[in-house]
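User: Could you walk me through this model, one question at a time?

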Amino acid sequence: MSDQVSPSSGSASGAGTVSLDTAHQHGTGGLPAVFENPGLPPHVHRAADDDPVAAKRAERQVAALFVLSILGTVGFIVSYFTIDYTKSVFIPFIGLTNLLNVMLGVTLGISLLGIGFGVVHWAKTIMSDEEIAEDRHELRSTDADRQSVGVVLAASGESAQLARRPMIKATAGAALGLFALPLTVQLAGSMGNPTKALDELKATIWDVPAGGEPIRLVRDPELTPIKASDVTIGSVFHVMPATLMELREHNLEQGHAEYHGVLEAKAKAAVVLMRLNPSEFKDDALGRKAREWGFEGIVAYSKICTHVGCPVGLYEQQTHHLLCPCHQSTFDVTRDCEVIFGPAKRALPQLKITVDDEGYLVAPQGFAEPVGPSYWERLK
Ligand code: FES
């Protein structure tokens, strides 16, 4: 049934327009007739209102859109578990970009749009096509209005034709139900295998492959290697791994953009390097560990704050404190960068260092724990 409905005094008020009383006879509710006809233009019926074939066609179109959403959701999950996150794809006008991100974005978009277009098409072609004009009234509805809301709500299920359209009911339920999955799959993927998730979080370009050479520390941004003798007591260096250059060369060899993945790798690998007098480390387990993982008082720590990831770049030479400028978390270098003030909950991860045959500082292994915000510590 497709009609304009006016809560007016009762009788039909124009072509295709009926009062709510009349509408009630058609099963749309029983609101009191208190308003005059607002003068709505003549109503134009939709094809699906009068033609059962058109209604069936619209139903199939709506169901197809919900099925498209389901396919998008399934595609998202399959992409998440099967696509190698290091793979790239060339997209015209954009260039090389990460394949996994593209697929997750496209499939999630299809999933959302399928539901969105499905609901809109459903409302425009199949749901009851009534127009109701209502004058402003007191904020509190009359008792009769309040009662009638209950009647209208009860009638809305009928008006959406869910009972009579099992195909829409099934596909809409499946599309909406499955749509929650992409939001939970990523979390479940991490929680399901905490060891794997932890390994991925720990992975940086400081990692030395089995049997591989230790990685030289290089100055940032010059990317020149650093000799232990260059690091005087009290000085601070901002450091990157020499593998950063190799990553760029590898990209060019593989035909990727030179900086493909470089910024992400750089963001996780930033390290700050300081030299203390070895006697200044505290004589406790933390102080001894810091000294042993360093070289003659030179120590290297992740520069990414364990609070929410700002660069910890301020070194107080007299107190040997490292300070994060964002929320003032303070780390004590003499005790393995333990947190002594601020919101950070975890010490900065230390990078073990030594020197090679030529006296250059090198890292024989990557970080032993994830760098950055300490939320991930809970996966341990
Ligand atoms: S990000 Fe460092 S204290 Fe908040």
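What follows is a set of questions and answers on this predicted model.

User: Before we start, what are the ground rules for the numbers?
Analyst: Residues are numbered from 1 along each chain as its sequence is written, and side-chain values use heavy atoms, with hydrogens and water left out. This is a predicted model, where local features need pLDDT of at least 70, side-chain atom pairs count only at pLDDT 80 or more, and totals for chains, interfaces and linings use all residues.

User: How many disulfides does a search of the whole structure find, and which cysteines are joined?
Analyst: A disulfide is a covalent bond between the sulfur atoms of two cysteines. The cut-off here is a pair of cysteine sulfur atoms within 2.5 Å. Searching the whole structure turns up one disulfide. Its sulfurs sit 1.9 Å apart, and the partners are Cys 310 and Cys 326.

User: Which parts of the chain does that pair link, and how many residues apart are the cysteines?
Analyst: Helices (H or I, at least four residues) and strands (E, at least two) are DSSP runs, numbered from the N terminus. Cys 310 is in the loop between β9 (298-302) and β10 (314-316), and Cys 326 is in the loop between β11 (321-323) and β12. The pair links distant parts of the chain, with the cysteines 16 residues apart.

User: Why is the disulfide of Cys 310 and Cys 326 called left-handed?
Analyst: Handedness comes from the torsion about the S-S bond. The disulfide of Cys 310 and Cys 326 is left-handed because that torsion is about -90°.

User: Is Cys 326 buried, exposed or partly exposed?
Analyst: Buried means under 20% relative accessible area, exposed over 50%, and partly exposed in between (1.4 Å probe, protein chains only). Cys 326 has 35%, so Cys 326 is partly exposed.

User: And Cys 337, buried or exposed?
Analyst: Cys 324 comes in at 2% relative accessibility, so Cys 324 counts as buried. Cys 337 is at 0%, so Cys 337 is also buried.

User: Which residue takes a positive phi in the hairpin of β12 and β13?
Analyst: Two strands pair if DSSP finds at least two bridges between them. Strand β12 (residues 330-332) and strand β13 (residues 338-341) run antiparallel with three bridges, and Asp 332 stands opposite Glu 338. The hairpin has five residues between the strands, and the one with a positive phi near 60° is Asp 336.

User: Which are the edge strands of the seven-stranded open sheet?
Analyst: The seven strands run in the order β14-β9-β8-β7-β6-β16-β15, with antiparallel pairing. Inside that order, three bridges join β6 to β7, and Arg 219 stands opposite Val 239 in β7. The strands that pair on one side only are β14 (350-351) and β15 (354-355).

User: Which residues touch the most other members of the largest nonpolar core?
Analyst: A nonpolar core is a set of buried Ala, Val, Leu, Ile, Met, Phe, Trp, Tyr and Cys residues joined through side-chain atoms within 4.5 Å. The largest one has 30 residues, and the members touching the most others are Trp 206, Leu 217, Leu 273 and Leu 361.

User: Which elements give that core two or more residues, and how many residues are in the second core?
Analyst: The contributors of two or more residues are β6 (215-219), β7 (236-241), α10 (262-269), β8 (271-275), β9 and β16 (361-363). A second, separate core includes Ala 290, Val 299, Leu 322 and Ala 344, and its size is 18 residues.

User: What is Val 262 in contact with?
Analyst: Val 262 lies in helix α10, and at 3% relative accessibility it counts as buried. Contact means heavy atoms within 4.5 Å. Leaving aside neighbours within four places in sequence, the partners of Val 262 are Leu 244, Leu 247, Arg 248 and Asn 251.

User: Which ring does the charged end of Lys 289 sit over?
Analyst: A charge sits over a ring if NZ of Lys or CZ of Arg is within 6 Å of the ring centre and within 35 degrees of the ring normal. Lys 227 does this with Tyr 360, 5.1 Å from the ring centre. For Lys 289, at 4.2 Å from the centre, the ring belongs to Trp 293.
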